[in-house]
Every structure is written in structure tokens, then in C-alpha cells.
Amino acid sequence: MNRETVIVLDFGGQYNQLVARRVRECNVYCEIYSYKTGIEKIKEMNPRGIILTGGPNSCYEEDSPTYTKELFELGIPVLGLCYGAQLMQHILGGKVERAEVREYGKTEVFVDTTSELFSNVSPTTTCWMSHFDYISQTAPGFRVTAHTADCPVAAAENANLQLYAIQFHPEVLHTKEGTKMLYNFVRSVCGCAGDWKMDSFVEQSVRAIREKVGDGKVLCALSGGVDSSVAAVLLSKAVGDQLTCVFVDQGLLRKNEGDEVEAVFGPEGNYDLNFIRVNAQERFYQKLAGVSEPEAKRKIIGEEFIRVFEEEAKKIGAVDFLVQGTIYPDVVESGLGGESAVIKSHHNVGGLPDYVDFKEIIEPLRDLFKDEVRKAGLELGIPEYLVYRQPFPGPGLGIRIIGEVTAEKVRIVQDADAIYREEIAKAGLDQEINQYFAALTNMRSVGVMGDERTYDYAVALRAVKTIDFMTAEAAEIPFEVLNRVMNRIINEVKGVNRVMYDLTSKPPGTIEFE
């Protein structure tokens with residue numbers, strides 16, 4: 001690796017992305033790999049540090065995920081979290097057993113501040129525990145550096161070998177000083193300089209893109225969302241008029257959004273991107289007819305996007321490269337990084353068809369998390385109102401409509417969503433809530449309107465607060481605002497007779513419905 005890197009070995013933990021995100025907050029580059037990644041590959045990567053994630057298994061069971069002892073003999077600092085901590089102790093000769101008392105949630109932890117890992121951490125601190133098993137005996141050479149009322153080994157270390165085990169989760173926000181602990185590991189123990197910053201990322205990316213593209217032609221898939229917009233401006237800076245941006249209005253955008261995107265990026269806008277708009281609404285509706293399974297919808301939308309781009313490339317002539325605004329969570333959630341299960345195939349990653357008629361796909365933001373993309377956008381001079389606009393999924397309303405997608409359902413959800421967004425803005429809540437939208441459920445129910453029986457759809461409202469979009473909590477919207485939204489949707493949107501508010505956090509839910 002050309003940059004100093006810490007790698008995360010994923011043992012199936014739900015917080016794998018969060019671990020990597022927290023490391024990057026320390027200005028240290030971090031990537032996620034499956035625990036099945038071979039030791040030789042790890043040696044080739046030459047990471048500055050290795051972090052083992054949590055996981056749902058018991059490390060002492062025969063078929064549980066494990067790793068070779070050699071990992072701990074490379075001379076590279078290793079930090080085990082939860083399952084990773086237990087596995088480290090188990091492999092190195094310690095003992096892990098089923099705990100009599102399960103610890104779950106915020107827990108008071110007593111730490112030894114002489115440990116480099118806990119430097120500048122309060123002697124008594126609040127941490128997030130989530131475990132059935134516990135380390136009943138540390139491996140030879142380890143000393144206990146933290147405990148709780150019920151857990152005798154909340155942390156242990158062999159500082160000489162730079163091996164550290166933490167039973168709790170420092171990566172979640174519920175662990176008050178968790179980022180400080182991770183900072184101590186990557187900056188002090190691993191000795192990372194902290195040179196992962198967006199100004200240098202933009203600079204290096206522009207150079208790398210110029211070198212790759214040469215005098216070739218580039219087509220950028222521009223949706224108007226944050227990711228693709230940043231990718232487009234980055235490519236424009238790198239290759240200038242060799243770039244053509246194609247915006248496909250697939251009929252699954254928010255109300256009036258196609259015209260809004262064209263106003264910003266088209267000929268009358270502030271960017272010289274060789275902008276082309278393709279209106280393909282009917283084409284996508286026909287492809288989606290009769291399809292209700294979410295993964296199938298994502299893959300159909302992904303393939304159809306590619307086919308449209310291929311057609312436009314032929315019109316331009318001799319286009320070698322396709323640019324997409326893929327970001328790191330897209331890759332991980334599509335099952336192409338780490339060991340966690342496929343959550344959903346993103347239409348521009350796991351939803352791509354087997355054959356793509358381009359020499360190469362360029363994904364300049366593939367290594368970035370969402371907030372890093374926004375920082376890169378600001379470095380490129382993109383205005384804040386564009387950089388911080390509401391996230392919108394690549395498959396669009398196709399995954400905010402449960403079940404089959406039809407033009408009529410798109411009309412319903414567009415109108416309901418427009419009312420919701422308008423009322424949120426009127427109430428001054430649009431800056432407080434990170435993402436909010438209306439979705440159309442596949443449920444129809446009986447209602448009464450104008451003394452007559454109705455049998456219409458239910459709309460679900462979603463609003464979340466989040467820092468990184470990997471975990472999220474439902475936003476507390478004042479009841480009078482929700483009531484006003486409900487009244488307007490039922491009175492103004494034909495085909496809806498019921499409105500619900502989704503209180504589900506992420507996890508266990510996702511932000512989008514499909």
C-alpha cells in the first residue's frame with residue numbers, strides 16, 4: 001500500500017464500517033477485509049496496524065471464525081474488539097467461557113490509565129458492552145488493564161508484543177471516550193502520522209485520473225446526488241472537456257428533481273460538464289413491471305442504467321471509461337468487503353451486470369465514507385447547499401416503493417414526499433434532521449373519506465438523525481408537524497388514506513425501506 005494503512009479484519013460484526021470510520025476520523029486510512037484474507041496477503045499489504053472486529057460467535061466452538069497464530073507474531077500492532085479480543089486470548093493460550101451475567105448496553109468501566117491505549121482516558125468511563133462470553137483467564141504475558149463490576153477482563157494487553165484486547169466497543173458513540181482509545185492505538189501504538197486528509201486526497205486523485213485516462217474519453221454517470229456530483233466535478237478538474245456527464249431521468253426521482261438537476265449541471269448551470277439528459281422513464285417502468293423483490297429491482301435498475309450509458313457512449317464515440325460515484329459503504333454493504341452478510345446490492349456495485357461495454361469503470365470515491373465525500377466536495381469548491389443536500393439512493397424511488405413499481409405509485413410517493421419535505425422545511429427542522437422522506441408501503445387498508453369507504457395505500461414517513469449513516473436513530477418530530485403532514489397527504493394525494501411514522505433505528509433496520 002502506498003499510504004499508511006490500518007486494516008480491519010471482519011469476523012461478522014455489525015459495526016465493521018464504524019470501526020473503519022472511527023480510524024479515519026484519526027486521519028489514518030483504513031480498509032475492511034474478511035477474516036478469510038490469507039496471512040500472505042496481509043504481509044504484502046504491510047499495514048501499520050490490524051483491528052479484529054466483534055462477531056456473533058463463540059471463539060471456542062469448533063466451526064467459529066478464527067485466524068492463524070502467526071497474525072500475532074508479525075510484529076504489527078493488533079487490537080481485538082469484543083469477539084476479536086476473545087479470539088486473541090483464545091489463540092494465545094487464554095481462556096474464554098460463557099458468562100454467568102451477560103453485559104449489554106452502557107456500562108461503567110474502570111481502566112488503568114498507565115496503559116498507552118488508555119492514555120488521557122478517565123479512570124472510570126462509560127463504554128458499550130455486548131457479549132455473552134467473557135475472558136476468564138488472560139493469555140500468558142498479558143496484564144488486565146480494565147474491568148467492570150461483572151467482567152474481570154474488560155481489557156488486557158501485552159505491550160511488549162503490541163497486542164491489545166478490549167471486551168467493549170470503542171467504535172460506537174455510546175462509548176464516551178472510544179475515539180480517544182482508537183486514536184491512542186493508531187497514532188501512538190501504531191505510530192501513524194495521520195496524513196489521510198481530503199485536500200491531499202483530491203490532489204492525488206486528480207493526478208491518478210489524468211495518468212489513467214490519458215487522452216481517452218470519459219462518460220460520468222451523473223444522478224445529481226452528492227456522490228455522483230462530487231465525482232463529476234473531480235473528473236472535470238482532472239480531464240476537462242474529455243468528460244461527458246450523462247444524467248438519466250429514470251422516472252424514479254423526487255418530484256421535479258430532473259429539472260432541478262439540469263438547472264444546476266446543464267448548459268445554464270455553473271459547471272462545464274458536457275451535460276446530456278436522457279429521459280428514460282417508460283423504459284425503466286417496463287423493465288420493472290411485475291417485479292417486487294428488492295434485490296431484483298436493484299439489479300434491474302443497475303443493468304438498465306449501464307445499457308443507457310453504453311448507448312450514449314456509442315453516440316459520443318470511442319468512450320473508454322465510465323465514472324460512477326460509488327462510495328465505500330456501497331462496496332461493503334454489497335458484500336464486496338469484509339465478512340458481514342450482503343445487506344443490499346447497490347445498483348452501481350452489486351447490481352452491475354456481468355458484461356459492461358467499457359474499457360474500465362473509474363470509481364474515484366470508492367474509498368470514501370459519506371462525510372469524507374462531502375469534505376472532498378468542499379475542497380473542489382462545490383457550494384455547501386449541494387454538498388449537504390439530502391442523500392438519495394441510486395435506485396431512487398424504486399426502493400422507496402414496496403413491491404411492484406408503477407407510474408401511478410411513483411406519482412403517489414412523489415407527491416407525498418414533496419409535502420413532507422415542504423412541511424419539514426417550514427417547521428425549520430430541515431437542518432436538524434440528516435435524512436427524511438416518504439415511502440409507499442404495499443399495504444392497502446379501509447378508510448372513510450367524504451362518508452364513503454376507501455381502500456387505499458398507506459404512506460410511511462421516515463426521518464433519522466445520524467453522524468455517518470451507518471447507524472441512525474429516528475428523529476423526534478413534533479406531533480403537530482406530523483399531524484399537519486398527515487392531513488395534507490391524505491387530502492392532497494389521491495390514493496392514500498393512511499400515514500404512519502417509522503420509529504426504527506439502524507440497526508436493526510436500514511435507513512431506506514428496501
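Let's start with a cysteine: the sulfur of Cys 82 lies 9.6 Å from the closest cysteine sulfur, that of Cys 151, which is too far for a bond. A disulfide is a pair of cysteine sulfur atoms within 2.5 Å, and a search of the whole structure finds zero of them. Cys 82 is also buried, at a relative accessible area of 5%. Here buried means under 20% relative accessible area, exposed means over 50%, and partly exposed falls in between, using a 1.4 Å probe and protein chains only.

A word on what you are looking at: this is a predicted model, in which local features need pLDDT of at least 70 and side-chain atom pairs count only at pLDDT 80 or more, while totals for chains, interfaces and linings use all residues. Residues are numbered from 1 along each chain as its sequence is written, and side-chain values use heavy atoms, with hydrogens and water left out.

Now find the open sheet of five strands, whose order is β12-β11-β10-β13-β14 with parallel pairing. β12 (275–279) and β14 (360–362) stand at its edges with a single partner strand each, so one side of each has no neighbour in the sheet. From one strand to the next, the twist averages 30°. Angles like this run from 0 to 180 degrees between N-to-C directions, and the axes are lines fitted to C-alpha atoms, for helices over the stretch in contact. Strands (E, at least two residues) and helices (H or I, at least four) are DSSP runs, numbered from the N terminus. Two strands pair if DSSP finds at least two bridges between them; β10 (residues 217–221) and β11 run parallel and are joined by four.

Within that pair, Cys 220 stands opposite Cys 245 in β11. Cys 245 is buried, with a relative accessible area of 0%.

Next, look at helix α8 (residues 281–288), whose buried residues are Phe 284, Tyr 285 and Leu 288. Seen down the axis of α8, these buried residues fall within an arc of 100°, so they line one face of the helix; the arc is that of the directions from the helix axis to the C-beta atoms. An α-helix has 3.6 residues a turn, so residues three or four places apart point the same way. On the other side of α8, Glu 282 and Gln 286 are exposed. The buried residues pack against β11 (243–249), α9 (294–316) and α13 (407–426), where contact means heavy atoms within 4.5 Å. After α8 comes Gly 290, with a positive phi near 80°.

Helix α13 is also the place of Ala 416, which is buried at 0% relative accessible area. Leaving aside neighbours within four places in sequence, Ala 416 is in contact with Ala 438, Val 459, Ile 489 and Val 493. Ala 416 and Val 496 are 80 residues apart in sequence, but 8.9 Å apart in space, C-alpha to C-alpha.

Let's finish with Glu 512, in the segment after β18 (496–501). Is Glu 512 buried or exposed? With a relative accessible area of 8%, Glu 512 is buried. Its side chain makes a polar contact with the side chain of Arg 400 at 2.8 Å, and another polar contact, of 3.3 Å, joins the side chains of Glu 512 and Gln 435. A polar contact is a pair of N or O atoms within 3.5 Å; within protein, one must be able to donate a hydrogen and the other to accept it, and residues adjacent in sequence count only if both atoms are side-chain atoms.
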